[in-house]
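Trainee: Could you take me through one part of this model, chain B, in some detail? I would also like to hear how it links up with points of interest elsewhere.

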Amino acid sequence: MQTVQPRSLPLRLPRVRPGGVLPILAILAVLLVLVGIRQPDFLAPQSLMSFLGRSAPIILLAAGQYFVIVSGEFDLSVGSLVTAQVVVAARLIDSDPARTWPVVLLLLAFGALVGLVNGLITTRLRVPSFITTLGMFLILVGAVYLWSDGAPKGGLSEEFRRFGRRAFEDVPVLGRVPYALLVLVVLAVAAVLLMRSDFGRTLVAVGDNPRTAELSGVRVWRTRTFAFILSGLAAAVAAILLGGYSGVSFQAGAGLEFGAITAVVLGGVALGGGRGAVVGAMLGALTLELLFALMNFYGVSGALRSTVQGGIILLAVAVSATRSSSR
Amino acid sequence: MSALSLLPARRSVPGVFVALTLTLTIGWLVVLLDGGQLFNQSTTVSLLHVAAGLGLVAVGQTLVILGGSLDLSVAYVISLSTLVAAETMNGSDGAVLPAIGLVLVVSAGVGLLNGLLVTRFRVNAFIATLGVGLLLKGYLDNGYDGPAGTTAPSLVQALGYQRVGPVPVSFLLLIAVTAAAWFALSRTRFGHHLVAVGGDPEVARLSGVRNDRVLVTAHVLCSMCAGLAGIYLASRLGSGAPRVGTEGLYDLESIAAVVIGGTALAGGRGGVIGTVGGVLLLASIDAIFNQLEVDAFFKQVIRGVIIIAAVAVYARRAMRKAA
């Protein structure tokens, strides 16, 4: 509840580092309490595990988006990239289990390639990333419709779908652990380690002040391009999980780019770069998913969801912005 | 000094018009070889109609982008405006003026909210206008499943279909709005202040510009332009349409048109004349592809490539100038 009282907060709390994860943890805790009051079953290990598994794709997308945003750019193409990947996977696999692994590798390569193109156009041709990735969004959506004549073809193999929908059964204490959750944990740890490495520090430095970074010998364009590639890879993994979980459609990735950017900002990461933690971004995505679950439990109609979502985002960001500027 | 700072704005105007002329010439030739005719009455009219709708939004978008801000909520403001207009009129000619007034008030209110969030609450413009857009989306999704209300027949007649020769009245409206915006930008204090704020907010503030007030005004004007576009679309469609703004991708396309028109996305450089050029360029490409009966999805791919390429050309020129 503390976070909704902007004025009194700075006095009581010890200084919160700008870009720290404390505010988002507080919001997350409040939401968990609200969920617990309404639907205590939700906090049982079993349902919590499957909730985390379901949230894995958007959390991964948020992590990918974080790399790009902290380096000072935007990636608006991830939603369309997820859609493209799912549709391409269905058509290439065409329900043949033997093609599962080659297609998974192809999707990862495709994601990296889209990221590379985004990155090179943004850094080498100096096109603002907002425009680059907006153009990429139009290109991917158009191309995927064009390639499949307006309706998804083929189908995913069960082998492919298991990443998104199967789980380790009968795990002690936890019950059922979705594969997706395992993928998420591994990649989240990798992301945190990456941000602690030299590359991570360079990435933040580039976002904070590209000129200074350049003068200290960082190849800014290379660092930023790499961030775009990471975002493309994250989209590929998210697409594999999402395709497995919810199947093939042209709507598979619709709106995910704005969801991911919102999550990153909720997690205390500054748009424009240079500030914030990857953990915050991932917690932001988790918070957003929990918010949707909460609205379900409280019977908020699907149509009103976006209003509540919009209101919460504005409130959270406005509170943190006024707080950080008043110190 | 002020003449100097306006120089890049003037010089960046022709670029997009060169591209427009080239596109139209090449398009005309290709369509001719294909056995068609690009510049007959009906294609010209529909080209100008497309340009009028997008143009009204894009001129407003130019103002906020010049000030270093951005408006992603315009698509929802457009949808909302068509509904407010059509439901207030409810088919009666007597209610046209009150309906237009109400639309402008509602859209100005949304712009005010955007502006206050960006200035007073210091929310990043991307997030602020995205959030306000979500608020409106929820309202629209919750209240409307399909078209609602009826636009007054006289307005449908006048704004939707009436034309002077090959030029639709709606395009004349765009010209009028553009002229007003051009005047405001180049001849009034508000315009100079807006460009100053977009160029360097801190310097502007230290020079005595009231940044907040200027930016809020720009946001209000931007939303009102989107409201006008909504009125135009309502008179074109004959009723209010809750998804017309998002389905037309008016938010992203308007930003693309502004940037193609030579206005810097970071603010402080550009102008509305270039934006109209950008809008005409996008509309011409649309018209040419329609004439060639190119697949709609292929059209979208090309559109994406053109947007990126156009901006890359500008960036290249800016780099050469700097070097």
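Mentor: Happy to! In this predicted model, chain B has 15 helices and two strands. Its radius of gyration is 19 Å, close to the 20 Å that the globule rule gives for 323 residues, so chain B is as compact as a globular protein of that length. Along the principal axes, the C-alpha atoms of chain B fill a box of roughly 50 × 50 × 35 Å. Of the 323 residues in this chain, 54% count as buried. If we take the contacts in chain B between residues at least 6 apart in sequence, 80% join residues at least 24 apart.

Next, the annotation. An unreviewed UniProt entry marks residues 12–33, 45–66, 95–116, 123–140, 167–185, 214–235, 255–285 and 297–315 of chain B as "transmembrane region". Let's check two of these spans against the coordinates. Residues 214–235 of chain B are 100% helix and 0% strand, with 32 Å between the end C-alpha atoms. Residues 297–315 of chain B are also 100% helix and 0% strand, and there the end C-alpha atoms lie 28 Å apart.

Take helix α5 (residues 96–119) and helix α6 (residues 125–143) of chain B, whose axes come within 9 Å and cross at roughly 145 degrees. The contact is made on the α5(B) side by Val110(B), Leu113(B), Asn114(B), Leu117(B) and Val118(B), and on the α6(B) side by Ala125(B), Ala128(B), Thr129(B) and Val132(B). The crossing of α5(B) past α6(B) is right-handed.

Now to the nonpolar core. The largest one holds 213 residues, and the members that touch the most others are Ala62(A) and Cys225(B). Helix α11 (residues 211–237) of chain B gives the most to this core, with 16 residues.

Ala62(A) takes us over to chain A. Leaving out residues up to four places away in sequence, Ala62(A) touches Ala260(A), Ala263(A), Val264(A), Ala281(A), Met282(A), Gly284(A) and Ala285(A). Ala263(A) has 29 C-beta neighbours inside 10 Å, so it counts as buried. With the same exclusion of sequence neighbours within four places, Ala263(A) is in contact with Ile58(A), Ala62(A), Ala281(A), Gly284(A), Ala285(A) and Leu288(A). Ala263(A) and Ile58(A) are 205 residues apart in sequence, yet their C-alpha atoms are 8.7 Å apart in space.

Finally, some backbone angles to look at. In chain B, Leu249(B) is not a glycine but has a positive phi of about 50 degrees. Leu249(B) is found in the loop between α12 (244–247) and α13 (250–260) of chain B. Leu249(B) has 17 other C-beta atoms within 10 Å and is partly exposed. Over in chain A, Asp94(A) has a phi near 50 degrees, a positive value in a residue other than glycine. Asp94(A) is found in the loop between α4 (78–93) and α5 (100–124) of chain A, and is partly exposed, with 14 other C-beta atoms within 10 Å. Not counting residues up to four places away in sequence, Asp94(A) touches Gly154(A) and Gly155(A).

Definitions and conventions
Residues numbered from 1 in each chain as written. Chains lettered and ligands numbered in written order. Predicted model: local features only at pLDDT ≥ 70, side-chain atom pairs only at ≥ 80, totals over all residues. UniProt positions renumbered as here; feature names shortened; annotations may be inferred. Helix = DSSP H or I, 4+ residues; strand = E, 2+ residues; numbered from the N terminus. Core = buried A, V, L, I, M, F, W, Y, C linked by C-beta atoms within 7 Å. Buried ≥ 20, exposed ≤ 12 C-beta atoms within 10 Å, placed from the backbone. Contact = placed C-beta atoms within 7 Å. Rg over C-alpha atoms; globule rule 2.2 N^0.38 Å. Axes fitted to C-alpha atoms, helices over the stretch in contact; angles between N-to-C directions. Left-handed = near helix turned anticlockwise from the far one by under 90°.
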